[in-house]
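Good morning, and thank you for coming.

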Amino acid sequence: MRIDVAFTPAEAIRAPVGIVVDVMRATSTIAQALASGYERVYCAAGIEEARALRESLGEGLLGGERDAVQIPGFDLGASPREVREPRGKTLIMSTTNGTRSIVTAAEACEVVLLGSLLNLDAVAAAVRDRGQDVVVLCAGYKDAFAIDDAYCAGRITRLLEGERTDAAIAAEVIAGSFPTSLEGINARTYGPPGLEDDIAWVTQDNLLDVVPRLSRIVEGAAEILA
């Protein structure tokens with residue numbers, strides 16, 4: 001098994017299995033939503049695409065943010081703490097970085113899983129069971145490298161056995177540089193203040209035993225199921 005890491009969406013390469021990581025906060029929130037009882041999460045690249053999808057489906061809560069601020073008119077932001085109690089069966093999300101990266105991964109990988117610190121062991125076990133080449137696709141921040149996603153990528157690849165690329169080794173070096181998940185995520189320099197409660201939530205290692213995975217593309221949005 002070959003293990004690779006793409007630190008930004010632009011570096012996305014084709015592989016049988018892709019693991020999208022956006023710790024702050026899309027993949028963490030989607031994992032939490034599915035673990036809490038939402039049946040499906042649609043990931044839309046843009047705000048208008050999310051609104052159009054809800055109109056087409058005739059159902060669904062809209063959740064999302066731009067620059068960590070809830071999108072006007074949406075039902076929810078993008079905090080995992082907001083989805084601990086399901087308010088419906090369907091969540092339609094659009095975020096600054098993560099949902100676009102999930103749609104991009106769907107074009108490059110046969111199987112797309114969503115990874116976070118919340119489900120480290122579960123997603124690593126799913127990859128080991130498949131035994132195929134894998135790339136961890138970091139959402140980054142506005143198409144640039146983000147150390148929090150790189151940290152999480154390294155935490156995932158350290159749980160896998162196989163031939164590592166230089167990028168995978170680099171991610172593992174980053175992961176090994178911080179004694180706790182909280183310190184690894186707090187090393188990031190981007191984003192606004194005021195997210196301390198969400199940071200505390202997403203840095204709970206292995207809180208969830210759920211592996212979000214791409215089911216299909218619906219009107220340009222990625223449908224994610226558990």
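I begin with a term: a residue is called buried under 20% relative accessible area, exposed over 50%, and partly exposed in between. Please keep in mind throughout that this is a predicted model.

With that term in hand, consider phenylalanine 178. Its relative accessible area is 23%, and therefore phenylalanine 178 is partly exposed. Tyrosine 151 belongs to helix H5, whereas phenylalanine 178 sits in the loop between H6 and helix H7, residues 181–186. The pair thus links distant parts of the chain, 27 residues apart. Across the whole structure, a search finds three aromatic pairs.

Let us stay with helix H5. How many of its 11 residues are buried? The count is 10, so H5 is mostly covered. Among these buried residues are Asp148, Asp149, Cys152 and Ile156.

Helix H5, residues 147–157, packs with helix H6, residues 166–175, at an angle of about 105°, and the axes are 7 Å apart. The two helices are therefore roughly perpendicular to each other, as angles of 65 to 115 degrees are counted that way. On the H5 side, the contact is made by Ile147, Ala150, Tyr151, Ala153, Gly154, Arg155 and Thr157. H6 contributes Ala168, Ala171, Glu172, Ile174 and Ala175.

I turn now to the cores. The largest nonpolar core has 38 residues, and those with the most contacts inside it are Val5, Ile19, Val23, Met24, Leu113 and Ile156. Several elements give two or more residues to this core, including strand S1, H5, H6 and helix H8. Which element supplies the largest share of this core? That element is H4, with six residues. A second, separate core of 31 residues includes Ala33, Ala78, Ile102 and Val103.

Helix H4 itself covers residues 120–130, and its buried residues are Leu120, Ala122, Val123, Ala124, Ala126 and Val127. They pack against strands S2, S7, S8 and S10, and against H5. After H4 comes glycine 131, with a positive phi near 65°.

Two single residues complete the tour. Valine 23, already named in the largest core, lies in the loop between S2 and helix H1. Is valine 23 buried or exposed? It counts as buried, because its relative accessibility is 0%. Leaving aside neighbours within four places in sequence, valine 23 is in contact with Ser28, Leu117, Asp148, Asp149, Cys152, Ile185 and Val202. Between the C-alpha atoms of valine 23 and glutamate 11, 12 residues apart along the chain, the separation is 18 Å.

The other residue is tyrosine 38, in the loop between H1 and strand S3, residues 40–43. With a relative accessible area of 3%, tyrosine 38 is buried. Beyond its neighbours within four places in sequence, its contacts include Ala33, Leu61, Leu76, Val83 and Pro86. The C-alpha atoms of tyrosine 38 and alanine 146, 108 residues apart along the chain, are separated by 29 Å.

Thank you for your attention.

Notes:
Residues numbered from 1 in each chain as written. Predicted model: local features only at pLDDT ≥ 70, side-chain atom pairs only at ≥ 80, totals over all residues. Heavy atoms only, no water. Axes fitted to C-alpha atoms, helices over the stretch in contact; angles between N-to-C directions. Helix = DSSP H or I, 4+ residues; strand = E, 2+ residues; numbered from the N terminus. Parallel < 35°, antiparallel > 145°, perpendicular 65-115°, else oblique. Contact = heavy atoms within 4.5 Å. Buried < 20%, exposed > 50% of the residue type's maximum accessible area, 1.4 Å probe, protein only. Core = buried A, V, L, I, M, F, W, Y, C linked by side-chain atoms within 4.5 Å. Phe/Tyr/Trp six-rings, centres within 6.5 Å; stacked < 30°, edge-to-face > 60°.
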